[in-house]
Amino acid sequence: MKKAIFAAPFTIEYQDAEIPSIGDDEVLLKVISIGICGSDIQMYHGKHKYMTYPVVPGHEVGSVIVKVGANVTDFKVGDRVSVEPQITCGHCYPCSIGRFNVCENLKVKGVHADGFASEYAAIQPCYLHHCPDGMDFDLITLVEPLAVGVGSVKRSHYKGANIAVIGAGTIGNLVAQSAQALGAGSVLVTDFMDSKLEFAKACGIEHCVNTKEIGLKRAIEDTFGERKADVIIDCAATRGSFLSAMEASRTSSEIVITGNYKDPMELEVPRIQRREVSLIGHMMYVREDFADAIRFLSEGKVRTDGFISQRFAFDDFDKAFQFIDEHPNDVMKAVVDIGSC
Ligand SMILES: [Zn+2]
Ligand SMILES: [Zn+2]
């Protein structure tokens, strides 16, 4: 079987390997497709801080079980599954309170350990989630990024809340759709690019506003009126997006930081203290968020028509990264087709 390896920056090598043999407590996955996300792009460019080469990338996976070990009872051949890529230690304090996503020894398959850019993979069932029979593999590939959206919203008091999401790219769109599916009151998504906002509108997101001219504060006031935003979720991760979230925050607003910030910035601490603004960090997802994501996709509560904007053959993996580099604004989600079912 073939697998792809990030060997060095801008270098993808293919290896011919044996199909992995499985232990009694494992299953064998046939990988149908993988999605490419921001962290894959950082890894390809050699800009990812926490990985080392060589590594098999791929952590957004659509797959089907083709073999089960003797002791595996809850999965069978033919089951379509989504893969949760977090490897957690199970004994640190965050693990002990169920916050596996911030495990002190967290590793992620496809980043710090081998992932799924491979025709087959052996895995323990604890990483897997059942998907309904016949669920489209494209939807299964989108489960992981949607779980990020679900996890993000759940960091806040989202029920019935006015939620403003900064950034209408892949994650911002899925955060806003998650907020609606989870029962937020009213949802606004903002961006500087009309094409992303038009797509957000087509996905059924209630309010989609370009803030390039008017700024976030005005957009929130125009949309939500006097109550403004109870929750602001920052998926843009720029100095400007954070400052605009602070400026637009109201007394007792919650600001959730979901985008990956790279540089430190100074904080307006008096505003946080006097107005009881809550600043909340967010990282990936926990198991229940994955289950919600599968449910929302399979029940059509989150709309993904047109979400996969480009597809590439496994042999053209590097072309996917070149395309993304050259057309950063034209890509929602690029997918690499690895196998068929
Ligand atoms: Zn990802
Ligand atoms: Zn842990």
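This is a predicted model: local features need pLDDT of at least 70, side-chain atom pairs count only at pLDDT 80 or more; totals for chains, interfaces and linings use all residues.
Residues are numbered from 1 along each chain as its sequence is written, while chains are lettered from A and ligands numbered from 1 in the order in which they are written.

**Domains**

- The protein chain splits into domain 1 (2-142 + 307-337) and domain 2 (149-281), with bounds that come from an automatic or database domain assignment.
- Between the C-alpha centres of domain 1 and domain 2 there are 29 Å.
- Five residues of domain 1 are in contact with five residues of domain 2; contact here requires C-beta atoms, placed from the backbone, within 7 Å.

**The parallel sheet**

Helices (H or I, at least four residues) and strands (E, at least two) are DSSP runs, numbered from the N terminus.

- Six strands make an open sheet with parallel pairing, in the order 12-11-10-13-14-15; two strands pair if DSSP finds at least two bridges between them.
- Strand 12 (207-210) and strand 15 (278-281) are the edge strands, each pairing on one side only.
- On average, neighbouring strands of this sheet are turned by 20° against each other, direction ignored.
- Four bridges join strand 13 (residues 231-234) and strand 14 (residues 254-257) in the parallel sense, and Val231 has Glu254 as its bridge partner in strand 14.
- Helix 5 (residues 170-182) packs on the sheet, where it touches strand 10 (162-166), strand 11 (186-191) and strand 13, and its direction makes about 170° with that of strand 11.
- Helix 6 (residues 194-202) lies across strand 11 and strand 12, at about 175° to strand 12.
- For these angles, axes are lines fitted to C-alpha atoms, for helices over the stretch in contact, and angles run from 0 to 180 degrees between N-to-C directions.

**Antiparallel pairs**

- Strand 3 (residues 27-36) and strand 4 (residues 60-68) are antiparallel partners over eight bridges, with Ile34 opposite Val61 in strand 4.
- Strand 4 also pairs with strand 5 (residues 80-83) in the antiparallel sense, over three bridges; there Gly62 stands opposite Ser82 in strand 5.

**Nonpolar cores**

A nonpolar core is a set of buried Ala, Val, Leu, Ile, Met, Phe, Trp, Tyr and Cys residues joined through C-beta atoms within 7 Å. A residue is buried if 20 or more other C-beta atoms lie within 10 Å of its own, exposed if 12 or fewer, and partly exposed in between, with C-beta atoms placed from the backbone.

- The largest nonpolar core has 85 residues, of which Leu146, Ile163 and Val165 touch the most other members.
- At least three residues of this core come from each of domain 1 and domain 2.
- A second, separate core of five residues includes Met43, Tyr44, Val55 and Val111.

**Loop residues to look at**

- Ala229 sits in the loop between helix 7 (215-224) and strand 13, and it counts as buried because it has 27 C-beta neighbours inside 10 Å.
- Ala229 and Ser249 are 20 residues apart in sequence, yet 7.0 Å apart in space, C-alpha to C-alpha.
- The peptide bond from Tyr53 to Pro54 is cis, with omega near -5°; Pro54 lies in the loop between helix 1 (38-44) and strand 4.
- Ala237, in the loop between strand 13 and helix 8 (239-248), has a positive phi near 55° although it is a residue other than glycine.
- Met284, in the loop between strand 15 and helix 10 (287-298), is not a glycine but has a positive phi of about 55°.

Conventions
Two residues are in contact if their C-beta atoms, placed from the backbone, lie within 7 Å.
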